[in-house]
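The sequence and the structure are shown first.

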Amino acid sequence: MHPALRLVADRQFGVFTARDAVAAGYAPDEVQGAVARRRWMRVRRGVYAAREVVEAVADDAVAAHRLACAAVLVRLGGRPAVSHASAARVQGMVVPATWDGRIRLTDEAQWRRGRGYEVAAASLPPSHVVPLGAFRATAPARTLVDCAREWTLEDAVVAMDAALNAELLTPAALQAAVLDQTHWVGIGDAARAAGLADGRAESPLETLGRLRIIGSGLPVPELQVEIHDARGFVARVDAWYEEAAVAVEFDGQVKYTDPRDGRSPALVHWDEKRREDRVRDLDVRVVRVARADLGPGWRRVEERLRALLTTPLTGPRRFTAVRLGAALSRPA
């Protein structure tokens, strides 16, 4: 590929138009020949990418969607901003498994739909936009609020928790984005999600479990609390009730099926058991919650939690609970 054309393609995440190729010195029949020989692959009508670029994104959902967004944008002249679930995807945020993959864009001056994409007409203040290569995208806070106006509450809070935890935005920016859209359709849903968001949650299961607890009328637990005994650190628990000395552990399968640090699943399971034994030896009551418990089995978990929370710990405490910081959900 000619360096002039490669420069254009690199700025546009690998895509270029036939016009770009001609401007770089290729004749129209050379463009068609490159496509026929599969050196270049058609991404959309009149939009191409080198075969190695297309093949490289085949197993990368983020890169593949970014390439698809770029192909639409070059067809539209590059004016709209990547937004909604598309912006969430390309910025590395959590998107629902039910998302249909449709490319979402926002433009101040136009509303339109095309094959596999939709452009919403809405204002885009400078503070709501960030660069995206040769294009632009809605900033993380605007992106999450736009998504929360359309997604279920659970999906929106999961995405907000994960983005706050990853420090993709600040709590203040999230609250400001809600206030900036006060009169927009669905902003009540977005405000409720933002009010429930807490960046200390470290997985979707922790978020969904916390929402289940709140929805049951139980007190909101403290998140990510360290338990210490006379010798020092014992464990960090996902959720904690200080008065009742109850720890809630949200038990996802991934740490057993795909363990980190080179440990085997058996070793992870053993370490987890030993850790919990040490916590229980301190008279801390532990409730484990798996993903399956969030369905019909939740009643059993709720009843156990409710019973434990109404039965205070008696006797001297042989541990200290250390909170790791204030909730990352609201500005200080």
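Predicted model: local features only at pLDDT ≥ 70, side-chain atom pairs only at ≥ 80, totals over all residues.

Two strands count as paired if DSSP finds at least two bridges between them.

## Sheet order and pairing

Five strands form an open sheet of mixed pairing, in the order β13-β12-β11-β10-β14. The edge strands, β13 and β14 (320-323), each pair on one side only. On average, neighbouring strands of the sheet are turned by 45 degrees against each other, direction ignored.

Strand β10 (residues 222-229) pairs with β11 in the antiparallel sense over 7 bridges; within this pairing, phenylalanine 233 of β11 is the bridge partner of histidine 228. β11 and β12 also run antiparallel, joined by 3 bridges, and alanine 239 has valine 248 of β12 as its bridge partner. The hairpin of β11 and β12 has 4 residues between the strands, and alanine 245 takes a positive phi near 55 degrees there. On the other hand, β12 and strand β13 (residues 285-289) run parallel and are joined by 5 bridges. Valine 248 has valine 287 of β13 as its bridge partner.

## The enclosed strand β12

Strand β12 (residues 246-250) is largely enclosed by the rest of the structure, because 5 of its 5 residues are buried. Buried here means under 20% relative accessible area.

In a regular strand, side chains alternate between the two faces of the sheet.

Helix α11 (residues 204-215) lies across β10, β11, β12 and β13, and runs at about 130 degrees to β12. Helix α14 lies across β11, β12 and β13, with an angle of about 165 degrees to β13.

## The second largest pocket

What is the volume of the second largest pocket? The value is about 230 Å³. The pocket is lined by 15 residues, of which Pro219, Tyr241, Glu243, Ala244 and Leu309 are the closest to its centre.

Technical notes: Residues numbered from 1 in each chain as written. Heavy atoms only, no water. 1 Å grid on protein atoms, 1.4 Å probe; cavity = no way out; pocket = protein on both sides within 12 Å on 5 of 7 lines; lining within 4 Å. Points joined across faces, edges and corners; volume = space filled by probe spheres on them. Buried < 20%, exposed > 50% of the residue type's maximum accessible area, 1.4 Å probe, protein only. Helix = DSSP H or I, 4+ residues; strand = E, 2+ residues; numbered from the N terminus. Axes fitted to C-alpha atoms, helices over the stretch in contact; angles between N-to-C directions. Contact = heavy atoms within 4.5 Å.
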